[in-house]
Structures are given as structure tokens and as C-alpha cells.
Amino acid sequence: MQEELAPAKINLALAITGRRVDGYHNIDTVMHSITLSDSVFFSPADELIFRCNDLALPLGAGNLAWEAAQLVRRYVGQRRGVAIQLNKRIPAGSGLGGGSSDAAAVLRGLNRFWQLGLTDAELLWLAGRLGSDVPFCVFGGCARGREKGDVLTPLPELPETNLVIVMPPLSVASAQAYAKYDTTSFAGTVDVTGVVAALGQRPEMVWRRLGNDFLALLAPLEPKLQELSKFLRDLRYPYSLTGSGAAFFVAVPTAREAHFVMRQIEREQRGWRSYQVKTRGGYR
């Protein structure tokens, strides 16, 4: 049996830069991989078999990991089977890119499992057909994403940094967030270029520049996001929303301080889930 990890990602900065003629939106963002991961297992089978430990997720169309497997089979004309077991840990609707990373893990995993010899360029092309975040998740690390987030520029990775992921008891659909953008005269203030310039310097320079346009858009719609954001602000650690979802990340200097943040969250008893993680490198 072969295992492929599917790491989550955070957005150190995310700015919405406009609506596209095709109905999508242009963004400018800096993404970084973290150690919170799903796992994808591959084993021999006579046909394509797909299983998942999360019974709430579809096992066919609508599941990006399954769609990635079907896409690879069509692309290479592969008729052999494979049994794929997806074990989820990344919460859905969090903005941590779990579904995209699962799809990327299937692309990488099948390339190895079937010894296809697909090039990096081919993997990225396939990833682009599955979703805007999938190309980043193929190799992970740290990168700036422009246009739909799929035009990537590699960036220096942060040194291993302690983080706490905090998930309130709700999930947010990207469509809801973008619909709010489309119906307002929103003008964001996120300094993506400043975050890019700070990478490669001291991590503290990055944490001072965190920002995400979706927090300003979504907080008025979701009181639970406003409540959690205020709580994290009062802790006085750098924090931000990640992606267009509901999860926040908090940057802390030490594992001990990560434990402190998690204890404070637990004491609140508001249904917030927390995960102690670290930044991690990519696959290149």
C-alpha cells in the first residue's frame, strides 16, 4: 500500500482584485503549506474503487479526489484499477484547501503508483483542470498565486513556525464570499506585495503584514466569525483568516504558547476546534 500526504495550506495574504468576464474572480495571494494533512492510500484493484472515512463526502462526482483519479485515467488511457482510500483530517469549509490538496495528492500518487512518468508540467496542467487551488497543492511550499490563484510564482518558504488553526462551528462556501464582493463597492487594503517582500527576512516581518479581504467581507455576514476574530485579536498574537473559509490561523513563537492559545480556546466552550500545526516545505 502506498500513502500520499495531502497537506493543508494557509493564505498569508489574500486580496480580491476584480471579477473576470468568465464569472470567476482574480485574486492576488500568498499561500504556504502546513503540517495538518489528509492521507490518501493506494492499493492494487481490478477497477477504480474510492473510499473515504468521512461519510458526509460524496464518493463520486463532486469529490475532487475522485475526479482527479478519473482525469488521470482519461489522460493516459489507463484501464487498470486502483483502490483509493481517503482519510480526512482537514475540516471541510475551512479555507485550508483540503479538497484541492486531496486532488493534488491523487495526481502525485497515481503518477507514482502506476509509474506513469508524468512531468511537472503535465501534473500542473491536470491540476488546473480540477480547480484554482489544486496547482499550488501539487508541489506546495510557498508561492504567490495570481489571476484565479493558479498562476504561480515560487517564493521562499518560512522556517518551521508554530501555528494554531482555529475552526468555528460553521463552514463558508466560496460562492457566498464572492457574492458579497459582487454586490458591494468593496476596496481591500491587503498588502500582498509587502508580504512577498518580507519572505526571506525575519518571520516577524511576515506576521505583521497578514491580511485577507474575505474577513472584511464575511465578518458582517457571520457573527461567529466576528466573535472569534475579536477573541483572537485580544490574545495579541498575529492571526488571519485563511482562504475564503471559516478557519483562522494564529502564529506563535513556541509550542508552549501554542498550548496556551489552545487552552484559552477550550475554556471558551463555544464549539471552536483547534489544531496545533507548523509550516512545512513543499515537494520540489
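User: What should I know about the model before we start?

Analyst: This is a predicted model, where local features need pLDDT of at least 70, side-chain atom pairs count only at pLDDT 80 or more, and totals for chains, interfaces and linings use all residues. Residues are numbered from 1 along each chain as its sequence is written, and side-chain values use heavy atoms, with hydrogens and water left out.

User: OK, which domains does the assignment give?

Analyst: Domain 1 (2–154) and domain 2 (162–278); the bounds come from an automatic or database domain assignment. Their centres, taken over C-alpha atoms, are 23 Å apart.

User: How many residues does each put into the contact?

Analyst: Domain 1 gives 28 residues and domain 2 gives 34, with contact meaning heavy atoms within 4.5 Å.

User: And how much area is buried between domain 1 and domain 2?

Analyst: About 2300 Å², with 68% of that from carbon and sulfur atoms. Buried area here is the accessible area (1.4 Å probe) that two parts lose on being put together, summed over both. On the domain 1 side, Leu12, Leu14 and Ile16 supply 26% of what domain 1 buries against domain 2, more than any other three residues.

User: How many salt bridges and polar contacts cross that interface?

Analyst: Zero salt bridges, taking one as a side-chain nitrogen of Lys or Arg within 4 Å of a carboxyl oxygen of Asp or Glu. There are 12 residue pairs in polar contact, both residues at pLDDT 80 or more. A polar contact is a pair of N or O atoms within 3.5 Å; within protein, one must be able to donate a hydrogen and the other to accept it, and residues adjacent in sequence count only if both atoms are side-chain atoms.

User: Which strand supplies the largest share of domain 1's side?

Analyst: β1, with 11 residues. Strands (E, at least two residues) and helices (H or I, at least four) are DSSP runs, numbered from the N terminus.

User: Switching topic: how many salt bridges are in the whole structure?

Analyst: The search finds 10. One of them pairs Arg144 with Asp28, with the closest N and O atoms 2.7 Å apart. Arg144 is in β5 and Asp28 in β2, so the pair ties together parts 116 residues apart in sequence.

User: Last one: where is Glu47, and what does Glu47 touch?

Analyst: Glu47 sits in the loop between β2 and β3 (48–52). Leaving out residues up to four places away in sequence, Glu47 touches Gly81 and Val82.
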